[in-house]
Amino acid sequence: MTRFCLLSGVVSALIVGNLSCGPSTTVTQTPRVPARSINGPGIVQGRVFIQNPPPALPPLKNEPCCEGAPATVPDESMVLNDNGTLANVVVFIEGGPKADGSDLDKLVLDQIYCRYVPHVIGVVVGQTLNIRSSDPIVHNVHFKSAFTGDSNYWMKSAGESVDVVFKMPEFIKTGCDVHPWMSAYICVLDTPLFSITGSEGRFSISGIPEGKYKLVAWHERFGKLEQPLEIKNDTPIWIDFTFTPPNRR
Ligand SMILES: [Cu+2]
């Protein structure tokens, strides 16, 4: 029995929440590795297209905001680029080592003229996200995590901020109750191997260790697409994605 308990103790080092000798049904979880230690020769790049896109979204009325703010702001929940691609798509590697991002630089999510900048931000589990306001008015940063519940940070003047660290991967929509047209996505990832498309619809992820993975593309309106990815060496791999909105097929 003693021997069994010793052995069980070794195994339980890899099992979350099991520090006793009793039987366990807990799922084995691999410890996280420092994000900066994840490095390899692989590069994957490509573009994210949209087929038969819906009509462009009208801008959002941006008032009452504060002095100097534009009367409207773009609705960034769907940004169509001129070359047929889509912005604000998070492309990431799934199936690699799970990262702890506490060794990565702090990121900033700002509120400028009643708009989140950027609209979509990727942050690694354990990495610090500084959420701030540049506006001389009241905002509240209000979001709900599936793991930690409701968070609501009030910011009453320019320069106020809060540091937030997420412990689990999830994509969280945040908003402001004072200015209900404000929205952003905080995409908490298990990996530093990700890229977010911009005005050219391009993504590029480097430093991928050799291995077999899934490459996932996520957009807040159009959901997820996946493709297999195998990294064998440093030859860049090109992969394109094409979203087709469900009602346009
Ligand atoms: Cu606000």
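Two strands are taken to pair if DSSP finds at least two bridges between them. In this predicted model, strand S11 (residues 139-145) and strand S12 (residues 149-155) meet that criterion with seven bridges and run antiparallel. A hairpin of three residues carries the chain from S11 into S12, and within the pair Lys-144 faces Asp-150 of S12.

Strand S18 (residues 211-219) and strand S19 (residues 223-231) are paired in the antiparallel sense over nine bridges.

Strand S7 (residues 107-111) is antiparallel to S8, and two bridges join them. Here Gln-111 is found opposite Tyr-116 of S8.

The loop between S7 and S8 holds Cys-114. The phi angle of Cys-114 is near 60°, a positive value in a residue other than glycine. Cys-114 counts as buried because 23 other C-beta atoms lie within 10 Å, and the cut-off for a buried residue is 20 or more.

Leaving out residues up to four places away in sequence, Val-117 touches Asp-110 and Ile-112. The C-alpha atoms of Val-117 and Ser-133 are 9.9 Å apart, with the two residues separated by 16 residues along the chain. The peptide bond leading from Val-117 to Pro-118 is cis, with omega near 0°. Pro-118 itself sits in the loop between S8 and strand S9 (120-124).

Another cis peptide bond links Glu-63 and Pro-64, where omega is about 5°. Pro-64 lies in the loop that runs between strand S3 (60-61) and strand S4 (72-73). The loop between strand S2 (42-50) and S3 contains Asn-52. Phi of Asn-52 is also positive, near 45°, in a residue other than glycine. Asn-52 is classed as exposed because it has 10 other C-beta atoms within 10 Å, and the exposed class takes 12 or fewer.

The largest nonpolar core comprises 50 residues, and the members touching the most others are Val-48, Val-90, Val-91, Ile-186, Cys-187 and Ile-205. Strand S15 (residues 183-189) makes the greatest contribution to this core, giving six residues. The surroundings of Val-91 can be listed by name. Apart from its neighbours within four places in sequence, Val-91 is in contact with Val-48, Phe-194, Ser-195, Thr-197, Phe-203, Ile-205, Leu-215 and Ala-217.

Terms used: Residues numbered from 1 in each chain as written. Predicted model: local features only at pLDDT ≥ 70, side-chain atom pairs only at ≥ 80, totals over all residues. Core = buried A, V, L, I, M, F, W, Y, C linked by C-beta atoms within 7 Å. Helix = DSSP H or I, 4+ residues; strand = E, 2+ residues; numbered from the N terminus. Contact = placed C-beta atoms within 7 Å.
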